[in-house]
Amino acid sequence: MSSIDITTVPVARLRERKVSTRIWRQAFASVEFRIGLIVLVLLVAAALLYPSLSGIDPVKMNIKAKLMPPLFMGEGWSWSHPLGTDQLGRDMLVRALVGLRYSLLIGVSTTVLMLLVGALIGLFAGYFGGKTDTILMRLTDAQLSIPMIILAITILGVSRPTIPSIILVLGLAGWPVYARVMRSTVMSERKKEYVRGAMVLGATDWRIMFALILPLVLPPMAFVAVLDIARMMIFESVLGFLGLGVQPPTPTFGNIIADGRKYLMNAWWIATMPGIFLVLVLTSINLMGASLERARNAIYGGA
Amino acid sequence: MLDGAETRTLLSVRNLSVMAGDRTILDGISFDLQPRRILSVIGESGSGKTVLARTLASWLSPPLRVSGGTVLFQGRDLLADPTHARSLSGREIAYVGGNPAGALDPTMTVGAQLVEKLRAVRPDIPAAKARDKAIQLLKAVRIPAAERRFNEYPFQYSGGMMQRAMIVDALISDPALLIADNITQPLDVTVAAQILKLMRDLNAEFSTAILFICSSLPVACDASDEVMVLHKGRVVERQTPAALIASPQHGYTYALIAELPTLWQGGPDRRRRVPATERPIMSVRGVSKAYETRGKSGKALVQAVRNADFDVFAGDNFGIVGESGCGKSSLMRLLTGLERPDGGRILFKGEDVGTASRKRLRELRREFQLVLQDPYGSLPPQSAIGAILEEPLKIHRIGTRAERRDRARAVMSEVGLHPGLYESLPTGLSAGQRQRLNVARAMILEPDLLIMDETLSALDQTEQGKLLDLFERLQARHGFTYIFISHDLTMVRQVCSRIAVMYLGEAVEVAPNDRLFFDPGHPYTRGLLSAAPTLEPRRYRPEDCLLEGEPPSPIDLPPGCAFASRCPHAFDRCRAENPALLSRGGQALAACFLNEPHEATHV
Amino acid sequence: MFILRFLARRLFQGAIIVFLVSALIFTLLRVVPGDPVRLMAGGMAPEALIEQIAADMGLRDPIWQQFGRYIGGVVQGDLGQSFVRPANGAAVGGASFDDTTRSERAEVLALIADTAPMTLQLALLAMVFALVIAVPVGVWGGLHPGGWPDRMALYLSSLFVSLPNFWLGIVLALILSVKLQLMPAIGYKGFAYTILPALVLAIEIAPFLIRTLTVSVAGVMGQTFIDIARVRGLTRNQIVFRHALKNSSIPLLNLIGVQFSMLLGGVLVIEFIFDYPGLGLLTINAVMQRDFPLIQGIAIVTAAAFVLINIIVDLVATTIDPRLEY
């Protein structure tokens, strides 16, 4: 009886991959993700490099070269302005690329902000339940019941839109969905035995919330948040279109398209070309986001 | 369809082989089944018995595929003619599975689905007739108030009730063959025993042949005319139950029978002991707990634990047994301080756990620990084994980093986990290894009391035995006290010196091991013992003791004894007054009026 | 009885939500910079006059007093009067500070009641279009997880969700209305003017429906009762149409409830582009003109609509799946 039955020795110490790594790998294995990644990398590289390399100023007017059509379209196109020029002779490609910079900046920071706020509120509501939950969720419902865009244009319409205020407004208007998802995930995690196990071991609530549950449930949510980067970029462009985004002369997708709308009949490319550009970026982000979401569902469904 | 002499044999399987990819699952299975017979197929998990059931029900999905053989049903080969096979499934060949809870659409009433199924396979039957037949069969499987139940939804049925409904679903088309795949597995013993009895009755009444697939030898022997043993995809033997038990032909069957723990006879039960001391380490005094639920008629109180009362002695193995819903999990949460009782006291070394401050409770937790039931859900999914073990030390700020690491490694080797696993995630561990890890995590704080909540239920017989050995060794070395919370009578019979039986939140009987099994003082205990699956000659015959019906809802308990509605001996007083635990001498207590000296003469 | 209790509870909760919303919007409008009186009175107005108008209208009282007055009116069904719109319809903007018609400014409630049916028409038609696109694609994708219908659903929804509504509106108007002359686009002179905006809105909503449907159909198809239905003898059609679709419609319903505000956001932009005289256009104009009472009124009405729609969604969900208690 004194001998101890040692269970099977690990063959080669299996360094099992963490769930988030597995999600990345699975997503990366899909064609959609790769296509999206390649397109996005190319466009982001162009947005970072082309405006300075080409030396073209996105806000410099050049009346002589005004209303030039894109390559191979109509008469008077030129290699120096691949997407044509607008009514003031500004290069559309550079303007769109600079717009992309702002769009990405606002999209990413807004998503991070709403993810953080939503996750925290959902974590508290889901973990503590009871009164905390009721109060936080009523607040969330109230917030959710005002269309985000109405809230955003109300605030930005009556105050002056700047980049930080746009990020703040969109981020604060977008957290409720995250709070809801987080709350229900935390609620179901909290019922699981490993949480009970930690409680019996004597762990404090804070320790369980931030050291045990949060690291587990945040990454899967963050993966899906990629989809919201695209959504927020659309919102940013909507605001710009309504004249409530980053103010001219800084070019953004929204204000370029709003400008181009006035010249729709004689220079259709001003409104449409930046849009195609934007759609390309958004589709690449959405493809990546969707494959991440699927990978997550597959891995969580299977394990 | 049967045309007399020619098809005397209903089902004839010859050389059936099934592969999954290039792995052989079934290897040359051959057997015959006559009409009206019950044939059990038993084997451990992985023996291929469920694959066999699914093959016969034409329900194989990739990667499984038939690689050879014939399945003659009423003389026609099902494998050669899949269209014919499909047309039989649900009509002539019916299937009942082991998961009644998920077997029907939750958004439709049970009745509507029974009618839908009958009319799908027999479109010639008018709806009104189908409905009558469904209700008639619901009555036949003894579902109370069948007309009302017909219009209820699946979620309103209990597990046992749902399994009866699924049997109705199978029998409603008058099939010639019923494949019953592990149908008693998720049910409590007393309910499982009822279902088995029902199945035998129905077999006599409806002249359906039954292929009864199960993993428990005692259940198979109870249920059938003949038992066929499946091992690693092959039929190793086939005999009548009596012959099989008396003279198993194959080594595997022999080992299977030898390994079975026993309730009354001797056997591998070296662990049974008398109580070590009579010094209580934990005393439960009149503890109760109710939960509020929002039911159909507003708020309701579920009385999960009612007036529980017992002592656990230091160095002892104490068992708490009961069926699902008896309140043992709630009691566990109270004992471990996860929840506070509504009333009563839980004294651990003289200190009340139920009213201790949060801080004090955290300190107390170093001295009593819990080992949880689910080997998969109880470990944090993304921590390495070493980190899991060091976590409790970190929580209580014990030792330096190096000391914690040494301690974790020491505990790992003590419970039989290779120290080389220190940095691995628990993902690759088997259920048994995971439970060792759970035990290691609980004992790293060097507690005095370990509460085992169904710790062994997820493990197979062999693994259970190994862990029980481990527990005994650890107890000898560290002087642990164990509380085993379990539904498994054979397990507590093997290890516990004293046992409490719970029914609807109450401890109805508390007695030393031998006394409980040889001289139970409560009718519920007798019922439980009569339903326990065992190959031994029964001390308590199901005919006398088997309980009818199911426990009443803990929401609106009638006054008096909670067991009165199912008790074969209940009399007027039982329905008016709730009996308290009374001493029957020799540390045995039972809550039943039959034990009062003069009342006993009454009955 | 359950229904009454359920309704009472939910309506009470809804009232709290609406109250919170109005408090939030009211405070926001008064905290952020931008004085509506200056806009109303026009740039030329002398400072003293502006102060006098503001004082007359109670705009210099403490916020909680203004809010109390306002809520008092709301409870009686009075959402106040527009700052800038006269009762006869046309917006006056900051025309003149000695405007004598100020007493005849339009009732907020009347402005909303006039435009809401137009928006409802647009939203309902868009919903129909969206379901026509999403249900076949989503269900088909969900029935073949990993297969090419599933992939198609993924590509289609990824593309649709990437089309900014205002840009798509301009492009479709350019192609369908200007170049091909298939349907009218700008303004509103009859039902035909609803089709194009509704189409754009539908394309904005469809990807969410497709994604939810694909996931829920695939999830339901993997459940035991669907798996076992075949062995019970049910046909594939019975399984898919009677059981799978019914069970997977609940997530879809919930989505509609939660994403209602997204729908309204889309309506707003699309009405602006197509100059469609609905609630959305009213909102944008109200914001541009700093018409506080109108903004507040719209926020309250949309919040109330949100609450009602969610109650209806939950009621319908409960009749589909009786396990969901009220």
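Modeller: A residue is buried if 20 or more other C-beta atoms lie within 10 Å of its own. Keep in mind that this is a predicted model.

Colleague: Why is chain B said to be as compact as a globular protein of its length?

Modeller: Chain B holds 22 helices and 22 strands. For 603 residues the globule rule gives 25 Å, and chain B comes close to that, so it counts as compact as a globular protein of that length. The radius of gyration of chain B is 26 Å.

Colleague: What share of the contacts in chain B joins residues 24 or more positions apart?

Modeller: First the extent: the C-alpha trace of chain B spans about 75 × 65 × 50 Å along its principal axes. For the contacts, take those with a separation of 6 or more. Residues 24 or more positions apart account for 66%.

Colleague: How far apart are the end C-alpha atoms of residues 11-257 of chain B?

Modeller: UniProt, in an unreviewed entry, places the feature "domain: ABC transporter" at residues 11-257 and 282-529 of chain B. The span 11-257 is 39% helix and 26% strand. Its end C-alpha atoms lie apart by 29 Å.

Colleague: Which element gives the most to the side of domain 2 of chain B that touches domain 3 of chain B?

Modeller: Chain B is divided into domain 1 (25-258), domain 2 (261-293 + 300-357 + 448-539) and domain 3 (368-446). The contact between domain 2 and domain 3 of chain B takes 17 residues from domain 2 and 15 residues from domain 3. On the domain 2 side, strand 17 (449-453) and helix 16 (461-478) of chain B each supply at least two residues. With five residues, the element that gives the most is strand 17 of chain B.

Colleague: How many charged residues does that side of domain 2 of chain B have?

Modeller: Sort the side of domain 2 of chain B that touches domain 3 of chain B by class. It has 10 nonpolar and three polar residues. The charged residues number four.

Colleague: Which element gives the largest share of the side of chain C that touches chain A?

Modeller: In this interface 40 residues of chain C are in contact with 39 residues of chain A. Elements giving two or more residues to the chain C side include helix 6 (148-161) and helix 13 (292-320) of chain C. That side divides into 32 nonpolar, seven polar and one charged. The largest share, eight residues, comes from helix 1 of chain C.

Colleague: Which residues touch the most other members of the largest nonpolar core?

Modeller: This core has 352 residues. Helix 8 (residues 205-241) of chain A gives the most to it, with 19 residues. Leu211(B) touches residues including Leu33(B), Val41(B) and Ile179(B). The residues that touch the most other members are Ala152(A) and Leu211(B).

Terms used
Residues are numbered from 1 along each chain as its sequence is written. Chains are lettered from A and ligands numbered from 1 in the order in which they are written. This is a predicted model: local features need pLDDT of at least 70, side-chain atom pairs count only at pLDDT 80 or more; totals for chains, interfaces and linings use all residues. Domain bounds come from an automatic or database domain assignment. Two residues are in contact if their C-beta atoms, placed from the backbone, lie within 7 Å. Helices (H or I, at least four residues) and strands (E, at least two) are DSSP runs, numbered from the N terminus. Ala, Val, Leu, Ile, Met, Phe, Trp, Tyr, Cys and Pro count as nonpolar, Asp, Glu, Lys and Arg as charged, and the others, Gly among them, as polar. A nonpolar core is a set of buried Ala, Val, Leu, Ile, Met, Phe, Trp, Tyr and Cys residues joined through C-beta atoms within 7 Å. A residue is buried if 20 or more other C-beta atoms lie within 10 Å of its own, exposed if 12 or fewer, and partly exposed in between; C-beta atoms are placed from the backbone. The radius of gyration is taken over C-alpha atoms; the globule rule is 2.2 Å times the number of residues to the power 0.38. UniProt positions are given in the numbering used here, feature names are shortened, and annotations may be inferred rather than shown by experiment. Lists of a residue's contacts leave out its neighbours within four places in sequence.
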